[in-house]
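Biologist: I would like to learn how to read a model like this one. Could we take it feature by feature?

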Amino acid sequence: MGKSKLLFITHEMSPFLELTKIAEITRQLPQAMQEKGFEIRILMPRFGNINERRNRLHEVIRLSGMNIIINDNDNPLIIKVASIPAARMQVYFLDNEEYFQRKHVFNDKDGKFYADNDERMIFFCKGALETVKKLGWAPDVIHCHGWMSALVPAYLKTTYKDDPTFKNSKVVYSIYGNDFKEKLDADFASKAVMGDMTEAHTEVYKDGTNTAMYAGAIHYSDGIVLGSADIDADVLNNVKNSNKSVLEYVSTSDFENYYNFYEEITNEQLVDVA
């Protein structure tokens, strides 16, 4: 038996992009789990304000070249990679000229929420899972952070549920404070449908709010992590009523509780100690 595999999907990570406390968690937690024996992979978007030269990103030709379909349009997916030498971890970046090569992340220079943030999210979530398939790397646990990864649990429990790469994967979703106050495009839920899914599968996301993104992720995840002390009361109530396994918020940087939670979710000893 080899090492247990732990996949992180996030829209930000230090030192590449630091918007909220998510960036700190997604930098420290993977390293802490790697030190406990996990094999780690990390995926995030290659937003335009991530400096490729300074962070030494380079394209992974064998992974690039896929097309992600959104609204019947083919969108090329380019995969780049960078290393964090101090942690011996690699981070894979999902890039697309139309969606990510902008100077700003979610809002334009005037602070206006990008009209296509819904499609950017769909592209990222679909692209992340297709990238992992192409890696030929089957994760034991997939831990999603931030609203932009909120469709991943839905895809894993529907389109990808019987895929050899993911059929034994458990999905954990971390909830933080509200990241955006706007609404995604009114057709978001229908655009998000893929494979043999129907709009009934994305109904929970239909409102297009940050709270709706959390509601969908909660519905489809195996476990929920409360990653912040300032989570919306309605979201907390949703978590409580979900009857899912929950890791309560802890303000310490001791990640032992995450390790125990991953084992609880999978109902097995995860790391090979041999």
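**Reading the pocket, the core and the loops**

Modeller: This is a predicted model. The largest pocket is lined by 18 residues, and those nearest its centre are K21, I25, V250, S251 and T252.

Biologist: How is such a space found, and how much space lies in the largest pocket?

Modeller: Rolling a probe the size of a water molecule over the atoms shows where empty space is left. In this model the largest pocket holds about 220 Å³.

Biologist: Which elements supply at least two residues of its lining?

Modeller: Helix 1 (22-35), strand 9 (223-226) and helix 10 (256-266) each do. Helix 1 gives the largest share, three residues. Sorted by class, the lining has eight nonpolar, six polar and four charged residues.

Biologist: What does the database record say about the chain?

Modeller: An unreviewed UniProt entry lists residues 5-237 as "domain: Starch synthase catalytic".

Biologist: How should I read a helix against its surroundings?

Modeller: An α-helix has 3.6 residues a turn, so residues three or four places apart point the same way. Helix 10 is mostly covered, with eight of its eleven residues buried.

Biologist: Which residues of helix 10 are buried, and what covers them?

Modeller: The buried ones are N257, Y258, Y259, F261, Y262, E263, I265 and T266. Their cover includes helix 1 and strand 1 (5-10), along with strand 7 (141-145), strand 8 (170-175), strand 9 and strand 10 (245-247). After helix 10 comes N267, with a positive phi near 60°.

Biologist: Is Q34 buried or exposed?

Modeller: Q34, which lies in helix 1, has a relative accessible area of 17%. The cut-off for buried is under 20%, so Q34 counts as buried. Setting aside neighbours within four places in sequence, Q34 is in contact with I40, A87, R88 and M89. As for distance along the chain, Q34 and N51 are 17 residues apart, and their C-alpha atoms are separated by 26 Å.

Biologist: What should I look for in the backbone angles?

Modeller: Most residues other than glycine have a negative phi, and most peptide bonds are trans. Here a cis peptide bond joins S14 and P15, with omega about 10°. P15 sits in the loop between strand 1 and helix 1.

Biologist: Where is D72, and what is its phi?

Modeller: D72 is in the loop between strand 4 (66-70) and strand 5 (73-84). Its phi is positive, near 70°, and D72 is not a glycine. D72 is exposed, with a relative accessible area of 75%.

Biologist: And how does R88 read, buried or exposed?

Modeller: R88 is exposed, at a relative accessible area of 69%. It lies in the loop between strand 5 and strand 6 (89-95). R88 has a positive phi of about 55°, although it is not a glycine.

Definitions and conventions: Residues numbered from 1 in each chain as written. Predicted model: local features only at pLDDT ≥ 70, side-chain atom pairs only at ≥ 80, totals over all residues. Heavy atoms only, no water. UniProt positions renumbered as here; feature names shortened; annotations may be inferred. 1 Å grid on protein atoms, 1.4 Å probe; cavity = no way out; pocket = protein on both sides within 12 Å on 5 of 7 lines; lining within 4 Å. Points joined across faces, edges and corners; volume = space filled by probe spheres on them. Helix = DSSP H or I, 4+ residues; strand = E, 2+ residues; numbered from the N terminus. Nonpolar A, V, L, I, M, F, W, Y, C, P; charged D, E, K, R; others polar. Buried < 20%, exposed > 50% of the residue type's maximum accessible area, 1.4 Å probe, protein only. Contact = heavy atoms within 4.5 Å.
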